[in-house]
Amino acid sequence: MRILFAPLQSYTTGIYRKAHAEIFGGVDAYYAPFLRIENGKPREKDLRDLNALEGNAREIPQIIANSVDEFKILADALIAKGYTEIDFNMGCPFPMQVNRHRGAGILNDKQTVQEIMDEIRKISNTNGTAPTIVKGTAPVKFSVKMRLGQDSPDEAFALLPILNEAPLSQITLHPRLGKQQYKGAIDFKSFEKFYEECRHPLVYNGDITSVSQICEMERRYPKLAGVMIGRGLLARPSLAAEYKELRDINCVAPLNSDTHQDFLGKILQMHQVIFDHACKTYQGDSQILSHVQSFWEYLEPSIPKKIFKKIKKAGKLSEYQEAITAMKELS
Ligand SMILES: Cc1cc2nc3c(=O)[nH]c(=O)nc-3n(C[C@H](O)[C@H](O)[C@H](O)COP(=O)(O)O)c2cc1C
């Protein structure tokens, strides 16, 4: 089964994706956090963070839009950059987006989704040669990443006939509601109904943290096209590679075992790439720290408590580096 790295704004940055692909690997495609409109144009900062991957790992950009007009501007910008695969976000639960009718906030609007799907058909049929789009050679594929609804799973089922008719390459479903954000029970019953009724390749997303869970999804849902993993991979960047090797090291290995040493070594390698990039790109301790501290946030269970606290508390680069040196001594 394909393993896809979920996009997480501020965490799976371009440099994170590049370092992960080089050091841990095992991921079939990295989804970039959403590109959005700012002052009528695609947000420059988001565009600059794309094109991070070289070699075989694939990077798929994502857009978030509240209308076909916004959708067109963003899709055009990505096609002009040479992308031939674009994901459309219909799941972001952040009130800033939902209240502006984007992400999960678009799920109850059949009319707008229909208009966007019509635009996808137009772009796909013309292989990226529509008048507004820079002439491309390969056909442009579109996928969707969505939730069951903002307030009720009825929203996804009302949209499904529209989505089934659209020329989508894949749908990723996170079976929660927008109002749940990232917590609360996953609605497997609705997921199963969607799985049965969806005519496109379906990818499952939500709360996967171990190889055995990936295998269980594969067993329960044999038609599944893949799983998309976010926080589970941030917490255990080796997860995709472990699945690929079919080594089930489900629980965190004891702190002094060889496997854990190897894991820590790779974490430090990855950190070095991200740290060097932050020092080159940003200025001043607080800017650099805010970019590198987030690397450790989901890794809390994998590193000693004392060092984690030191990293989190560091207000100066020198304090931060002391904590990293202590980590290096462990590996
Ligand atoms: C801080 C944060 C930022 C996120 N940013 C995005 C994003 O830009 N685009 C997107 O489709 N999903 C985004 N997500 C959702 C994740 O891609 C994913 O769907 C969610 O975390 C559930 O999967 P997981 O349990 O494997 O982490 C974000 C989630 C978090 C917690």
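This is a predicted model: local features need pLDDT of at least 70, side-chain atom pairs count only at pLDDT 80 or more; totals for chains, interfaces and linings use all residues.
Local features are given where pLDDT is at least 70 and side-chain atom pairs at pLDDT 80 or more, whereas totals for chains, interfaces and linings use all residues. Numbering runs from 1 along each chain as its sequence is written.

**View 1. The overall fold of the protein.** The protein holds 14 helices and 10 strands, taken as DSSP runs (H or I, at least four residues, for helices; E, at least two, for strands) and numbered from the N terminus. Its radius of gyration, taken over C-alpha atoms, is 20 Å, close to the 20 Å from the globule rule for 331 residues, so the protein is as compact as a globular protein of that length; the rule is 2.2 Å times the number of residues to the power 0.38.

**View 2. Helix α5 and its surroundings.** Helix α5 (residues 110-125) has 16 residues, and its buried residues are V113, I116, M117, I120 and I123. These buried residues fall within an arc of 120° seen down the axis of α5, so they line one face of the helix; the arc is that of the directions from the helix axis to the C-beta atoms. On the other side, Q111, K122 and N125 are exposed (buried: 20 or more other C-beta atoms within 10 Å of the residue's own; exposed: 12 or fewer; C-beta atoms placed from the backbone).

**View 3. The shell around the ligand.** Of the 21 residues around the ligand, A6, Q9, P33, G230 and R231 come nearest, where a residue is near if its C-beta atom, placed from the backbone, lies within 6 Å. Elements giving two or more residues to this shell are β2 (29-35) and α9 (231-235).

How values were computed: The expected span of a helix is 1.5 Å times one less than its number of residues.
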